[in-house]
Amino acid sequence: MDHSEPSPVAGPAGYRVLTASSEAHPLVKTGGLGDVAASLPMALRELGHDARLVLPGYPGAKKQVRELKHLMDLRIPAVVGTVHLYGGLLPDHDLPVYLVDAPAYFCREGNPYTDVSGRDWGDNPERFLLFCRVIAHLAMGLPPLDWRPQVLHCNDWQTGLAPALLRDHEERPATIFTIHNLAYQGLFDRATFDRLHLPAALWSVSGLEFHHRMSFIKGGIVFSDRVNTVSPRYADEVRTQRFGCGLDGLLRQLGGRFRGILNGIDYRVWNPADDPALPQSYDSEHLDLKGENKRTLQRRFGLPRDEEAFVLGHVGRLVEQKGVDLIIAILPRLVAAGRVQLVIQGAGDRALERQLQDAAAAHPERVSVFVGYDEPRAHLIEAGCDAFLMPSRFEPCGLNQMYSLRYGSVPIVHNTGGLADTVVDASDAALSAGTATGFLFNDPNPDGLWYAVEQALRLHDERPQQWRQLVLAGMRQDLSWQSSARHYLELYAEAIASREGLLQVATA
Ligand code: ADP
Ligand code: GLC
C-alpha cells in the first residue's frame, strides 16, 4: 500500500481519533476493556470529536453492526486469504465502527482470545499481528475511506504492534497506548517472532524483546507517543517491582509520557433509574424501591426470600487477580454470621468454578453461584445486593465497584489500584464528613477481607442512618466519562504536539 498521498480529511471539527481494541460492548465483551473501548469514543463524540472504532470482524460483531457496508479488500503479506474491511455503526449509538473481516482468523466459536474450553488460540500472534497491520493501514488513511485519524488510540497487547509498525512513517498520526492490565502482555517465543516476518530490528531490548521472548505489549509502550493506564494509583503501582510485572523499569523511564487516567462508566448502560434488566428502577431520591430488586435477586438465584438478609454480591472473571479465593476462604465465617447471603457470578478458572459450586451445594440457603457470562444478571446483582465484594489482589481500574456505587450497593474492596481511587473508606472522619462510600482493606488475605465485611455489617446493623448516608454518597458521586474523556483529550493534545515537535526537528 502506498501511503505517500495522504487521503483527504473528513468529519466534524475536533480531533479525529481511531480507537483500536480487540473487544467493545455490545459487539463483543469479556471484561472491562469491552466497556471502555466503546464508551470512551462515544464520550469523545459527545464532546464534538470524530472518534471511530476498529475491531476484528468476529461473526457476532458483524451481525450486530448497523448499516454494515463492505468498504474495501486488502492483501496483507503472509495472511491467508483476502482481508475485507467493513464499516457501520454500533447498534445503539452513531459511533462508526470498522470491522477487520478475515474469516480464517476471527470467524470461530469461543471468545476473542480462547477456544470454548478456555485454551488460548494457538495462532493468537498471527491473529493480532494481522489486526495490527490493518490498524496501521487505517491509521495512515486508506484512500477509499476518505478519512485519516490524527490520533491512533491502541488498547492492550492485542493492539501493541500497531505503534511498532508505524514507528518509521513520517506521516503517521500521534499514537496513544492504554494499558488496561499489565499482567496480560502477549508474550511469545523467538520462533514466533521469526515466523511473523517482522522487521529484524524490532528484536532488541529497546524494541519487542523481553527476556528472550517477544512482547506485544512492549510494542505499544516503547513506540507510542504517550502511554497511560486506567487509574492514577495503578500508574504509581506499576512503576514498582511488586506490581510492574517486569516492566516497571521501562515505565519509570517514560517519565511524564506515562500517567493514570481513571475510567468512567456509561450512564446509558449502567443507570438504576433506567435499566431494562431490573424489575424495579430507582434512584437516590427513591432508594426504598431498591428492595424489590433484592427480592427478585433472591428468587432468581434460588435463595430464601428474606428482607433482613445482608446480601453480598460479586461478579467477575474467575482469575487469581480478582481474589475470589479470599471470598471462598471466609465462607465459614460468612455462614456463621447468620443472616448473610452471598451471590456470585463468574466464569474462568475451572477449579474456582468448582469450589464455588461446591460451596453453593453445601449452603443452599446462604450461597448461590451462577457460572457463566450473563449481562442482565450482572445488572440485577449490582442492584439487588446490599454490598459488593471486590477483594482483587490488584485492579488497574475496576468497573464493577463503580457500577455498585451507582446502584447503591456498598463496595467492599482491597485498597489497591482503581479501587483505591474510586472508593472512600468509611473511617470515622469520612463518615462524619459524609464523604465515605465504602470499605477498604489493606491486606489481601482472608482476615483483611473479613475485617472489612464485619465493619460493613456493624455499620449496616447498628447505624442505619450512617449506612444510608454512605449509600447515597456513592450514588451521587460523578463517575461519568465526561471528566475522564477530557483527560484523554489532554493526552491526545500532548501526543500531537510532541509529534509535531519531532517532525520540526527532523525537517530542520
Ligand atoms: P476486568 O476488566 O478485569 O474483568 P472490570 O471490573 O473492569 O474487570 O470489568 C468487568 C466487566 O465485565 C464488568 O462490566 C462486569 O459486569 C463484566 N463481567 C465480568 N464477568 C461477568 C459475568 N460472568 N457476567 C456478566 N458480566 C461480567
Ligand atoms: C482491565 C482491568 C480492569 C479495568 C478494565 C478496563 O481488564 O483488569 O481493572 O477496569 O481493564 O480498563
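Helices (H or I, at least four residues) and strands (E, at least two) are DSSP runs, numbered from the N terminus. The structure is a predicted model, in which local features need pLDDT of at least 70 and side-chain atom pairs count only at pLDDT 80 or more, whereas totals for chains, interfaces and linings use all residues. Residues are numbered from 1 along each chain as its sequence is written, chains are lettered from A and ligands numbered from 1 in the order in which they are written, and side-chain values use heavy atoms, with hydrogens and water left out.

A residue is near a molecule if one of its heavy atoms lies within 4 Å of it. Around ligand 1 there are 19 residues, of which Gly32, Asp35, Arg317, Lys322 and Gly372 come nearest. Polar contacts are pairs of N or O atoms within 3.5 Å; within protein, one atom must be able to donate a hydrogen and the other to accept it, and residues adjacent in sequence count only if both atoms are side-chain atoms. Lys322 places a polar side-chain atom 2.7 Å from an oxygen atom of ligand 1, and a polar side-chain atom of Asn400 lies 3.2 Å from an oxygen atom of this ligand. The backbone takes part through Asp374, with an N or O atom 3.1 Å from a nitrogen atom of ligand 1. On its own, ligand 1 has 560 Å² of accessible area, and the protein covers 94% of that area. Accessible areas come from the Shrake-Rupley method with a 1.4 Å probe; for residues, only the protein chains shown count as cover.

Two or more residues of the shell around ligand 1 are given by each of helix 1 (32–46), strand 13 (310–318), strand 14 (340–348) and helix 15 (400–406). Strand 13 provides the largest share, three residues. The shell around ligand 1 has five nonpolar, eight polar and six charged residues, where Ala, Val, Leu, Ile, Met, Phe, Trp, Tyr, Cys and Pro count as nonpolar, Asp, Glu, Lys and Arg as charged, and the others, Gly among them, as polar. At least three residues of this shell come from each of domain 1 (16–264 + 482–507) and domain 2 (272–478), the bounds being those of an automatic or database domain assignment.

Ligand 2 has 14 residues around it, and His180, Asn263, Glu395, Cys397 and Gly398 come nearest. By class, the shell around ligand 2 comprises six nonpolar, six polar and two charged residues. Domain 1 and domain 2 each supply at least three residues to the shell around ligand 2.

The largest nonpolar core has 90 residues, and those with the most contacts inside it are Leu312, Ile412, Phe439 and Val453. Such a core is a set of buried Ala, Val, Leu, Ile, Met, Phe, Trp, Tyr and Cys residues joined through side-chain atoms within 4.5 Å; buried means under 20% relative accessible area, exposed over 50% and partly exposed in between (1.4 Å probe, protein chains only). Helix 20 (residues 481–507) contributes the largest share of this core, eight residues. Both domain 1 and domain 2 give residues to the core, so it lies between them.

Several loop residues were also examined. Ser409, in the loop between helix 15 and strand 17 (410–414), is buried, with a relative accessible area of 1%. Its side chain reaches the backbone oxygen of Glu382 at 2.5 Å. By contrast, Ser206 counts as exposed at 54% relative accessibility and is placed in the loop between helix 6 (190–195) and strand 9 (209–210).

The peptide bond from His25 to Pro26 is cis, with omega near 5°, and Pro26 lies in the loop between strand 1 (16–20) and helix 1. His212, in the loop between strand 9 and strand 10 (213–215), has a positive phi of about 65° although it is not a glycine; this residue counts as exposed at 63% relative accessibility. Cys245, found in the loop between helix 8 (232–237) and helix 9 (248–253), likewise has a positive phi, near 45°, and at 35% relative accessibility counts as partly exposed.
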